[in-house]
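Hi,

Here is the structure I promised to pass on.

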Amino acid sequence: MHESGENYLETILMLKQKKGTVHSIDIARALNFSKPSVSRAMGILRENGFITMGRTGEITLTETGLAKAEQIYDRHKILTAFLQDFIGVNSEIAEENACRMEHILDQEVMDGITDFMSHCSRGKKHECFVDND
C-alpha cells in the first residue's frame, strides 16, 4: 500500500474515534483535500477491501482496513513519543515528522525504537544505552 492510502486509513480511524461516523467530506476537511480526490481514493480503498461505504455515505473500515489503520496509527504514536520524549523536539515538529516516518521505516527499526524506549526512562536521555546482546 502506498503512503497516501495509509494516510487515508489512519485519518478514517482517527475521525471515527473522534466523531463516531466518517464521511468523505470529513476526510476532505481533515486532510485539506478536494472532495473529488477523496472520492477517488475511497473508491480505490473500497475496491481493495479496506473500507465499505453505506447508503448514506458513511465510511467504515473493514477488518483488514482497521488492522492496517491501527498499525499505522500505533507507529505514529510511538514515533511521536520518541521524537518528543527522547529527542526533545516540540509536539508540532514531532507530529509532522512522525507522520512522514511511519510510512517508510522497516518493522525492524520500529521494533528497535520500541525496545529502546522501553529500556529508558522517559526524559532521562543520559541514562539510556543500547544493549547489543
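**What I found**

α3 itself spans residues 35-47, 13 residues in total. From first C-alpha to last it reaches 18 Å, close to the 18 Å expected at 1.5 Å a residue. Gly49 follows α3 and has a positive phi, near 80°.

α1 covers residues 3-19 and α2 covers residues 24-31. Their axes come within 10 Å and cross at roughly 110°. Angles of 65 to 115 degrees count as roughly perpendicular, so α1 and α2 are roughly perpendicular to each other.

Which residues make the contact between α1 and α2? From α1 come Tyr8, Thr11, Ile12, Leu15 and Lys19. They meet Asp26, Ile27, Ala30 and Leu31 in α2. By class, this contact has 6 nonpolar, 1 polar and 2 charged residues.

A word on confidence. This is a predicted model. The mean pLDDT of the protein chain is 89, and 89% of its residues reach 70 or more. Among the chain's elements, β2 has the highest mean pLDDT, at 97. Helix α6 (residues 107-119) has the lowest, at 90.

Best wishes

How values were computed. Residues are numbered from 1 along each chain as its sequence is written. This is a predicted model: local features need pLDDT of at least 70, side-chain atom pairs count only at pLDDT 80 or more; totals for chains, interfaces and linings use all residues. Side-chain values use heavy atoms; hydrogens and water are left out. Axes are lines fitted to C-alpha atoms, for helices over the stretch in contact, and angles run from 0 to 180 degrees between N-to-C directions. Helices (H or I, at least four residues) and strands (E, at least two) are DSSP runs, numbered from the N terminus. Angles under 35 degrees count as roughly parallel, over 145 as roughly antiparallel, 65 to 115 as roughly perpendicular and the rest as oblique. Contact means heavy atoms within 4.5 Å. Ala, Val, Leu, Ile, Met, Phe, Trp, Tyr, Cys and Pro count as nonpolar, Asp, Glu, Lys and Arg as charged, and the others, Gly among them, as polar. The expected span of a helix is 1.5 Å times one less than its number of residues. pLDDT is the predictor's confidence in each residue, from 0 to 100.
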